Amino acid sequence: MSITTESKFDIEVQPPYLDEAYKSTILRAPLQPLVVPKKKDITLSGPLFKDFKLGALDHDLTKNSIKDGEPIGERIVVHGKVTNEYGHPLPHTLIELWQANSAGRYVHKVDQHDAPLDPNFLGTGRCMTDAHGYYKFYTIKPGAYPWGNHPNAWRPNHIHFSLFGGDIASRLITQMYFPGDPLFEHDPIFKAVPPKGRELLVSAFDLSVTEANFALGYRFDIVLRGKNATPFENL
Amino acid sequence: MKTSAVKKQTPSQTIGPYFAYGLTPQQYGYDFDSWVDHDMVKGLNNVETITITGTVYDGNAQPVDDAMIELWQDDGVHKLFGRYGSGTDEGNTFTFKTIKPKSVNGQAPFIHVILFMRGQLLHSYTRIYFADEQQLNETDANLNAVDTDRKHTLVAEKKGDSYVFNIYMQGRNETVFFEI
């Protein structure tokens, strides 16, 4: 089954390809206008995850790479609802996550930031939305880290999210931020998003999922492009 | 019936330079299972497989060593998905093992490409068509919607046993990217 998505990337909230304040876009942004395919030919169906088997600890980044103890840092629980633009929940869709540790260090081999790695924290995980579009995972609050875009450049604390949603037009990679971060106004990646979209990237503190004596809760709802109310059955 | 959107899309943000241990962990040697990789034909028997290789080039014609390429194909028979990072192979090439999709409704067969990299705030979409489908390529409505002198950027060349599909972000041979 193929579904034609009528919506496009919403330029009121989506960042452009080229934004010179974020220097890496200068040599990597397509410069020619995008071509619009003939609609009748589009088969946009995408991978589905109905029978996808998560590992038992995939959704718990505080436990999924323990070697000899608990990871260091502030435990948090992050939850939210994934819907399409029409408010329909997107059940059984895969969410992939990765992030820096509490010291602001990524496990990735090319991260040269002089901050400690945590032997008990890899910083990656996965979860699925349930039948009503909800997801939840546990992690350690990531630290801010420096990068080379401009002098004294620091990224705000963030968690990377990758989502599918049922067709290739709904594919999304984004970053979840934390409320009130003073680095927002200095971060060209965050600020590449038009003002109307920025607050959509910031999670909210949520006492209702905060677990007593264990972890603070944050809520981050995600809206994927498209109008399909239910994802596909295949794959 | 036309309904209107009630919610704003969540904005896209760059994949950044450090996706490997999260999205392509086994390819890069991290201790976390990958759920998908470059081999799109796992579990399929009696199919004729093809290899697609290529390199992503930036505006200075330098190979991009931190791109993530996803392929998706759906010809009504096989729905196949693959993913590969450009940071592990010599020359920063990517490689996929798949099958050539069938023609659907008289269209030229093609594979969707979803491209992510540091320096892209929003991912790009392109398509792989096949040089040895000359007849269908000539009559394909989508290929014919592209300027004649840019069409070749969408067509993978056959070299030996492989198809080669290089992606140029900018420059004289800038790949055609689609608004999906």
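**Confidence.** I started with chain B of this predicted model: its mean pLDDT (the predictor's confidence in each residue, from 0 to 100) is 95, and 98% of its residues reach 70 or more. For the complex, I noted that the predictor gives an ipTM of 0.96 and a pTM of 0.95. A reminder to myself: where pLDDT is low, the predicted coordinates should not be read in detail.

**Ground rules.** I number residues from 1 along each chain as its sequence is written, and I letter chains from A and number ligands from 1 in the order in which they are written. In this predicted model, local features need pLDDT of at least 70 and side-chain atom pairs count only at pLDDT 80 or more, while totals for chains, interfaces and linings use all residues.

**Overall form of chain A.** I then looked at burial, where buried means 20 or more other C-beta atoms within 10 Å of the residue's own, with C-beta atoms placed from the backbone. Buried residues make up 45% of the 235 in chain A.

**Secondary structure.** I took helices (H or I, at least four residues) and strands (E, at least two) as DSSP runs, numbered from the N terminus. Chain A has two helices and eleven strands, and along the sequence they read β-β-β-β-β-β-β-β-α-α-β-β-β.

**A sheet in chain A.** Which order do the strands of the open four-stranded sheet take? I read 3-2-7-8, with antiparallel pairing; two strands pair if DSSP finds at least two bridges between them. The edges are strand 3 (124-128) and strand 8 (172-177) of chain A, each pairing on one side only. The twist averages 25° from one strand to the next, with axes fitted to C-alpha atoms and angles running from 0 to 180 degrees between N-to-C directions. Zooming in, I found five bridges joining strand 2 (residues 94-99) to strand 3 of chain A; there, Trp98(A) has Thr124(A) as its bridge partner.

**Contacts between chains.** I called two residues in contact if their C-beta atoms, placed from the backbone, lie within 7 Å. On that basis, 56 residues of chain B touch 64 residues of chain A. Elements giving two or more residues to the chain B side include strand 2 (67-74) and strand 5 (111-117) of chain B.

Conventions: Buried ≥ 20, exposed ≤ 12 C-beta atoms within 10 Å, placed from the backbone.
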